[in-house]
Amino acid sequence: MTQTSIIKPQWILTVNDSFDLLTGHALIIEDDEIQAIIPTAELGSRPDLEQSELVELPNHVLMPGMVNTHTHAAMSLMRGIADDIPLMDWLNEHIWPAESRWVDRQFIEDGVALAAAEMIRHGTTCFNDMYFFPDVMAQTCQRMGIRASAGLIVLDFPTIWAQNADEYLSKAMALIDELRELPLVTPVLAPHAPYTVSDQPLQKIAMYSSELDLPVHMHVHETQHEVDEAVKNTGQRPLERLDQLGLLNPNLIAVHMTQLQEMEIERLAETGVHVAHCPESNLKLASGFCPVDQLQQQDINVCLGTDGAASNNDLDMFGEMRTAALLGKGLAGNASSCNAEQSIRMATINGARALGLAERIGSLEVGKKADMIAVDFSQLNTQPVYDPVAQLVYATNSLQVSHVWIDGKSKLQDYDLTDIDAVEIITRAQQWQQKLQENQ
Ligand SMILES: [Zn+2]
């Protein structure tokens with residue numbers, strides 16, 4: 001038996017190529033897919049829909065779910081553990097010691113559950129992760145019903161997940177088929193950063209990526225310090241090295257990119273690299289500024305990520321989108337750059353494109369998966385509504401997300417999570433906090 005639902009919002013923001021904003025239309029979900037988008041006047045002539053569930057959303061805009069292209073989901077258990085310090089001190093003195101002591105399969109399961117529940121509640125339907133135990137992460141996402149790209153992490157140094165680059169790589173290869181069995185999960189190769197992965201494993205990653213057509217998810221040019229150290233030690237900027245190793249191509253999702261020279265931007269455009277911009281993490285760690293306006297002028301695909309909750313400190317893509325829009329304008333010295341449409345694209349379809357999922361998600365179009373959210377504009381901060389698109393970027397709080405569907409399944413209905421026990425997830429997070437604090 002197929003299941004159909006009719007969603008009747010005030011507006012449908014399709015985020016299709018022509019960025020159509022529809023009124024007087026209904027969207028029909030059949031099982032996991034968008035079956036039709038039709039004028040509400042035509043609903044009467046569709047007897048096949050008589051048994052459908054009807055969802056009336058009179059003050060709402062229906063839009064694609066947010067795609068968060070850079071996270072370390074399990075790190076939500078370390079939200080607030082160390083703040084107000086620069087990246088390398090934060091990593092060396094706080095995050096890496098805490099990780100080596102505490103991270104295990106249960107930590108990942110509980111941390112990912114906290115992150116996934118937060119993301120669904122705030123309108124994110126798909127995210128791209130990089131962390132240890134990607135198998136546990138993937139199973140947890142499948143169980144909770146959120147779409148995810150599971151980053152198969154690679155480093156040179158030992159952690160609880162593997163001892164050396166070869167072992168990280170062999171674990172990654174062994175997991176690819178297992179992850180592909182999970183309908184909501186896609187595998188992604190995730191070398192941590194140029195300064196933590198040496199040439200040989202990076203060459204192998206470039207080879208596997210092209211043979212298996214897998215995205216490569218990597219922190220690149222996050223800080224000036226990273227670039228300076230690389231130049232000092234090798235005489236090369238990291239991006240140039242990645243280019244020589246064969247990694248600059250449309251499979252690469254380069255995260256952060258706060259240090260970019262004109263020629264590097266041209267090279268990114270030529271090679272079709274995607275840039276995952278994480279404005280709040282970059283601001284909080286004072287890492288620098290990604291030149292989004294310049295990238296967009298070269299038609300480079302820029303998408304958005306929150307980074308982990310330990311460096312943001314939330315996983316709120318509405319907040320991220322607004323910060324990206326404001327920062328982009330400020331940095332470019334131009335109020336017209338990073339406009340509302342571009343910002344919504346960065347948060348949705350551009351992310352889907354970077355993850356290789358644009359055929360399935362990222363916009364509301366017939367045949368795509370029903371990954372979508374409704375935003376309720378009836379509250380004080382979003383009235384009156386001249387322009388729903390501007391309202392979403394500049395005025396909306398993510399707590400106004402009232403409904404979420406992922407793969408056609410209702411995950412949030414009238415502000416309530418339908419099948420996720422938030423109380424249990426919070427209890428477990430508090431138990432981890434106690435453990436981490438008592439043994440610091
Ligand atoms: Zn990161």
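Let's start with helix H8 and the face turned away from its buried side, where Glu 262, Met 263 and Glu 270 are exposed. One thing to keep in mind throughout: this is a predicted model. Now, which residues of H8 are buried? In this helix, residues 262-271, they are Glu 264, Ile 265, Leu 268 and Thr 271. They cover an arc of only 135° around the axis, so they sit on the same side of H8.

The contact is a salt bridge between the two side chains, 2.6 Å from N to O. How accessible is Asp 243? Asp 243 has a relative accessible area of 23%, so it is partly exposed. Arg 267 comes out at 32%, and is partly exposed as well.

That brings me to salt bridges in general. How many salt bridges are there? The count comes to 21. I'll pick a couple more. Asp 32 and Lys 369 meet through their side chains, with 2.6 Å from N to O. This pair links distant parts of the chain, 337 residues apart: Asp 32 is in the loop between strand E3 (25-30) and strand E4 (33-39), and Lys 369 is in the loop between helix H13 (349-354) and strand E14 (372-376). Are the two partners buried or exposed? Asp 32 counts as partly exposed because its relative accessibility is 23%. Lys 369 has a relative accessible area of 18%, and since buried means under 20%, Lys 369 falls on the buried side.

The next one is Glu 118 with Arg 79, a salt bridge whose closest N and O atoms are 3.0 Å apart. Here too the pair links distant parts of the chain: Glu 118 is in helix H2, residues 105-121, while Arg 79 is in the loop between E6 and helix H1 (87-102), 39 residues away. Glu 118 is buried, at 14% relative accessible area, whereas Arg 79 is partly exposed at 33%.

Which protein residues are donors of the zinc ion? They are His 70, His 72 and His 219, each through NE2, plus Asp 307 through OD, at 2.1 to 2.4 Å from the ion. In sequence, the donor residues follow the spacing H-x1-H-x146-H-x87-D. What about the geometry? The angles among the four donor atoms run from 85 to 175°, and the site is irregular.

A cis peptide bond joins Asn 312 and Asn 313, with omega about 10°. Asn 313 is in the loop between strand E13 (302-304) and helix H11 (317-332). The bond from Gln 383 to Pro 384 is also cis, with omega near -10°, and Pro 384 is in the loop between E14 and helix H14 (388-394).

Then the positive phi angles. Asp 213 is not a glycine, yet its phi is positive, about 50°. Asp 213 lies in the loop between helix H5 (199-212) and E10, and at 55% relative accessibility it counts as exposed. Ala 286, also not a glycine, has a positive phi of about 50° too. Ala 286 is in the loop between H9 and H10, and it is exposed, with a relative accessible area of 67%.

That loop takes me to my last stop. Phe 289 is found there as well, between helix H9 (279-284) and helix H10 (292-297). Phe 289 is partly exposed, at 42% relative accessible area. Together with Leu 283 and Leu 331, Phe 289 makes a nonpolar surface patch of about 270 Å². For contrast, Leu 295 in helix H10 has 0% relative accessibility, so it counts as buried.

Thanks, everyone. Happy to talk it over.

Definitions and conventions. Residues are numbered from 1 along each chain as its sequence is written. This is a predicted model: local features need pLDDT of at least 70, side-chain atom pairs count only at pLDDT 80 or more; totals for chains, interfaces and linings use all residues. Side-chain values use heavy atoms; hydrogens and water are left out. Donors are N, O and S atoms within 2.8 Å of the metal (3.2 Å for Na, K and Ca); water is not among the atoms, so sites may look incomplete. Four donors count as tetrahedral if all angles lie between 85 and 135 degrees; four count as square planar and six as octahedral if opposite donors are over 155 degrees apart and all others between 65 and 115; anything else is irregular. Patches are made of residues with over 30% relative accessible area and no salt bridge: like charges are joined within 9 Å, nonpolar side chains (Val, Leu, Ile, Met, Phe, Trp, Tyr) within 5 Å. Accessible areas come from the Shrake-Rupley method with a 1.4 Å probe; for residues, only the protein chains shown count as cover. A salt bridge is a side-chain nitrogen of Lys or Arg within 4 Å of a carboxyl oxygen of Asp or Glu. Helices (H or I, at least four residues) and strands (E, at least two) are DSSP runs, numbered from the N terminus. Buried means under 20% relative accessible area, exposed over 50%, partly exposed in between (1.4 Å probe, protein chains only). The arc is that of the directions from the helix axis to the C-beta atoms.
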